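User: I have a new model open here. Walk me through what holds it together, please.

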Amino acid sequence: MSTQSTLRLRRHVLAAAVLGVIAAPAFASDRVDLSGLKADEPVDGFLVTYDAGAPKAAAFQRDLDIALASVGRKDLKIRHTRTISTGAELVEVNRTLDVVEAAALMKSIAADPRVKFVEPNARFYPTFTPNDTNYPSQWGLHGTWGIKANTAWDNTYQGQGKIIAVIDTGITDHPDLVGNLTSPLGYDFISNAATANDGGGRDADPHDPGDWTSAGQCGLGQPARNSSWHGTHVSGIAAGVTNNAAGIAGTAFKAKILSARVLGRCGGTLADIADAITWASGGTVSGVPSVGANKATVINMSLGGGGACSSTSAMQVAITNAYNAGTTVVVAAGNSNAPASGFQPASCANVINVGATTSAGVRASFSNHGSLVDVAAPGQSILSTLNAGTTTPGAFNYVNYNGTSMAAPFVAGIVALMQSKPSPDLSPAQVEQIIKSTASPFATPQSPTIGTGIANADAATDATP
């Protein structure tokens, strides 16, 4: 037999062996690392380790060409580039491959029985650990049962270009917030001057003057309360200034906070809240300037009241209009240790309803629950931005709060992280589906239920196209 005939026979035998292995992928599965493939990271090369020495140059190229031919991609070229310091061989292709193409070619290369291991020539990036002094105490961001924001940030999708509307008590001038506020800051929607507590009704200044009350002021038997600075705390969780060597880190720290003040002394009204939802999502509110370029990517409502949300209620209509305008609405499930079906906006349709978990990965005892809760997030001992004033604003500080009010802005921040990927924004329905389907399991199965699991920022951003 001629040398040429022998070479053709070898090629046919090797090609048949390759095809046989592809037909039974278990043969090579322990020699192929597919875990390094990620949907949002194309691959342009592989590291191939041989049991013994690698083939010589001409034979090596021949084997690579056969492996490539077996996957049927005639538009690709493959070549051996160099041997790296560990002894692995760097193999590169002439264009980037998606996950499916890369996996098929890796399996084909591994079909050669001399190959010990094939892995993608994966890319690595600087890992981001904020230098904020209180970051180690923020278990909700990075702890075992946190939202895994720290690993999500390493993808570089950190909320840039997105706006989180916080419909709450307004904002205070906190150094861990001022750099992440929109311009203009937002709007004060409180129409009752007594509730507003700032000397007037609606205006363009959403600063929080304090919501303190005296005994009986908000109803017979109601105790006196200091100012909560609730909106300031929620805003810090969602998008506090980060990596500034001070204070805390925010979930989507490159996003901007749009403040819509609706809660004042003795709470806030449905009418004002509905108007704020409409405005923040780009709708028209009589007498209020358009939100313009500050239209919210996501609205956070860490607020609630009794009663079920009917399909024709003002709350539901406003939420549905925001949903139809492409704005995701995230709400707190409530803190009454009761079914969320008896509270609104927790019982409204077209929202992501968030329950609260502890640092042990289980439901916080106060968290509302039931089938209407979509997902959970950390809500106990959550450190964030606050103000030290007992009535009117004083010095800025940082305080731990408990509540589903704290859980919701973690999820609103995750939405901003997802939408900051360089592709068209997902619809609210797509966002909800991804967040629910990528949630981390609870430490133990939860009964009563509080959703599909603990919201996972890393998995959710990875799953976002």
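Analyst: One cut-off before anything else. Buried means under 20% relative accessible area, exposed means over 50%, and partly exposed is in between. Also keep in mind that this is a predicted model.

User: Which side chain does K162 meet in a salt bridge?

Analyst: D425. The N to O distance is 2.9 Å. This pair links distant parts of the chain, 263 residues apart. K162 is in the loop between α5 (149-153) and β5 (163-168). D425 is in the loop between α10 (404-419) and α11 (428-437).

User: And D425, buried or partly exposed?

Analyst: Partly exposed, as its relative accessibility is 39%.

User: How many salt bridges does the structure hold?

Analyst: The count is 13. One of them brings D75 and R95 together at 3.0 Å, N to O.

User: What are the relative accessible areas of D75 and R95?

Analyst: D75 has 42%, which makes D75 partly exposed. R95 has 27% and is partly exposed too.

User: Switching to aromatics. How many aromatic pairs are there?

Analyst: Seven. W153 and F253 make one of them, edge-to-face. Their centres are 5.3 Å apart, with 75° between the planes.

User: Is W153 buried or exposed?

Analyst: Buried, at 1% relative accessibility. F253 counts as buried as well, at 8%.

User: Which cluster do the ring pairs form?

Analyst: Y135, W153 and F253 are linked into a cluster.

User: What sits over the ring of W212?

Analyst: The charged end of R265, 4.5 Å from the ring centre.

User: Helices next. Which residues of α11 are buried?

Analyst: P428, V431, E432, I434 and I435. They cover an arc of only 165° around the axis, so they are on the same side of α11.

User: Why do residues three or four places apart point the same way in an α-helix?

Analyst: An α-helix has 3.6 residues a turn, so residues with that spacing point the same way.

User: What covers the buried residues of α11?

Analyst: The cover includes helices α9 (314-324), α10 and α12 (457-463). It also includes strands β10 (328-332), β12 (352-357) and β13 (375-378).

User: Now domains. What does the domain assignment give?

Analyst: Domain 1 is 43-120, and domain 2 is 135-212 + 225-462. Their centres, taken over C-alpha atoms, are separated by 48 Å.

User: Pick a residue: where is I109 found?

Analyst: In helix α3 (residues 99-110). I109 is buried, with a relative accessible area of 5%.

User: What is I109 in contact with, leaving aside neighbours within four places in sequence?

Analyst: F46, V48, A67, I78, V115 and V118. V32 is 77 residues from I109 in sequence, and their C-alpha atoms are 9.1 Å apart in space.

User: One more. Where is Q138 found?

Analyst: In the loop between β4 (115-120) and α4 (139-142). Q138 counts as buried, at 6% relative accessibility. Leaving aside neighbours within four places in sequence, Q138 is in contact with I248, A249 and L383.

How values were computed:
Residues numbered from 1 in each chain as written. Predicted model: local features only at pLDDT ≥ 70, side-chain atom pairs only at ≥ 80, totals over all residues. Heavy atoms only, no water. Salt bridge = Lys/Arg side-chain N within 4 Å of Asp/Glu carboxyl O. Buried < 20%, exposed > 50% of the residue type's maximum accessible area, 1.4 Å probe, protein only. Helix = DSSP H or I, 4+ residues; strand = E, 2+ residues; numbered from the N terminus. Contact = heavy atoms within 4.5 Å. Arc of directions from axis to C-beta. Phe/Tyr/Trp six-rings, centres within 6.5 Å; stacked < 30°, edge-to-face > 60°. Lys NZ or Arg CZ within 6 Å of the ring centre and 35° of its normal. Domains from an automatic or database assignment.
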